[in-house]
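Try each task yourself before you read its solution.

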Amino acid sequence: MQGDSMWLTIMGIIIIGSIVGLLIAKKISPVVGMILIPSIGALLLGYGIKDLVKFFNSGLESVMSVVIMFIFAIIFFGIMTDSGLFKPIVKRLILMTRGNVVIVCIVTALIGMFAQLDGAGAVTFLLSIPA
């Protein structure tokens, strides 16, 4: 059993290294790299196509609720931004901080830390990245 986990670990490191290297070198698109390289790694480890389908379905089930939330949030905040809802808040923050980028960065990090207390990384992402 330990031998299997060793090969899984080695192949995982090779897969991650390959994806990162090819993406940095701009030799492969992200979608193709994220699908093709792990699939090849799994096939080299002896898993079959049925196993890959099972892995895919399991992964899809585990992230679907977060994907739906992100799609809704992107559309919702896009509409709110386009309508100018956040302009008064941003103006007030710029006046309060006198345009100091360091203060804005620190406050954004603090908001992200408090948002992360509930364990939802998506909330932290949605709060920190737009700010």
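The exercises below go from the overall fold to ring pairs, a surface patch, a pocket and a loop residue.

**Exercise 1. The fold**

Task: List the secondary structure elements of the protein, and find what share of its residues is buried.

Solution: Keep in mind that this is a predicted model. Start with the elements: there are 6 helices and 0 strands. Read from the N terminus, they run α-α-α-α-α-α. Then turn to burial: of the 131 residues in the protein, 13% are buried.

**Exercise 2. Aromatic pairs**

Task: Search the whole structure for aromatic pairs; how many are there? Classify the geometry of each.

Solution: The search gives 2 aromatic pairs. Take Tyr47 and Phe55: their ring centres are 5.3 Å apart and their planes meet at 75°. Planes over 60 degrees apart count as edge-to-face, so this pair of Tyr47 and Phe55 is edge-to-face. Next, check how open the two residues are. Tyr47 has 31% relative accessibility and is therefore partly exposed. Phe55, with a relative accessible area of 42%, is also partly exposed.

Now go on to Phe72 and Phe76, whose centres are 5.7 Å apart with 20° between the planes. The cut-off for stacked is under 30 degrees, and the Phe72 and Phe76 pair is stacked.

**Exercise 3. Spacing along a helix**

Task: Why are Phe72 and Phe76 separated by about one helical turn? Are they buried, partly exposed or exposed?

Solution: Both belong to helix H3, which covers residues 49–82. Within H3 they are 4 residues apart, so about one helical turn separates them. For accessibility, exposed needs over 50%. Phe72 has a relative accessible area of 56%, so it is exposed. Phe76 has 35%, so it counts as partly exposed.

**Exercise 4. A nonpolar patch**

Task: Which residues make the nonpolar surface patch, and what is its area?

Solution: The patch covers about 800 Å². Its members are Phe56, Leu60, Val63, Met64, Val67, Ile68, Ile71, Ile75 and Ile79. With 35% relative accessibility, Val67 is partly exposed.

**Exercise 5. The second largest pocket**

Task: Describe the lining of the second largest pocket, and say which helix gives the most to it.

Solution: Begin with the volume, about 270 Å³. The lining holds 15 residues, and those nearest the centre are Pro38, Ser39, Ala42, Leu52 and Phe55. Next, assign the lining to elements: helix H1 (2–24), helix H2 (30–44) and H3 each supply at least two residues. The most comes from H2, with 6 residues.

**Exercise 6. A backbone angle**

Solution: Phi of Lys26 is near 60°, a positive value in a residue other than glycine. Lys26 sits in the loop between H1 and H2. Its relative accessible area is 75%, so Lys26 is exposed.

Note on methods: Residues are numbered from 1 along each chain as its sequence is written. This is a predicted model: local features need pLDDT of at least 70, side-chain atom pairs count only at pLDDT 80 or more; totals for chains, interfaces and linings use all residues. Side-chain values use heavy atoms; hydrogens and water are left out. Rings of Phe, Tyr and Trp (its six-membered ring) pair if their centres lie within 6.5 Å; planes under 30 degrees apart count as stacked, over 60 as edge-to-face and the rest as tilted. Buried means under 20% relative accessible area, exposed over 50%, partly exposed in between (1.4 Å probe, protein chains only). Patches are made of residues with over 30% relative accessible area and no salt bridge: like charges are joined within 9 Å, nonpolar side chains (Val, Leu, Ile, Met, Phe, Trp, Tyr) within 5 Å. Accessible areas come from the Shrake-Rupley method with a 1.4 Å probe; for residues, only the protein chains shown count as cover. A salt bridge is a side-chain nitrogen of Lys or Arg within 4 Å of a carboxyl oxygen of Asp or Glu. On a 1 Å grid over the protein atoms alone, a cavity is a set of points where a 1.4 Å probe fits but cannot get out, and a pocket is an open set with protein on both sides within 12 Å along at least five of seven lines; lining residues have an atom within 4 Å of a point. Grid points are joined across faces, edges and corners, and a volume is the space filled by probe spheres set on the points.
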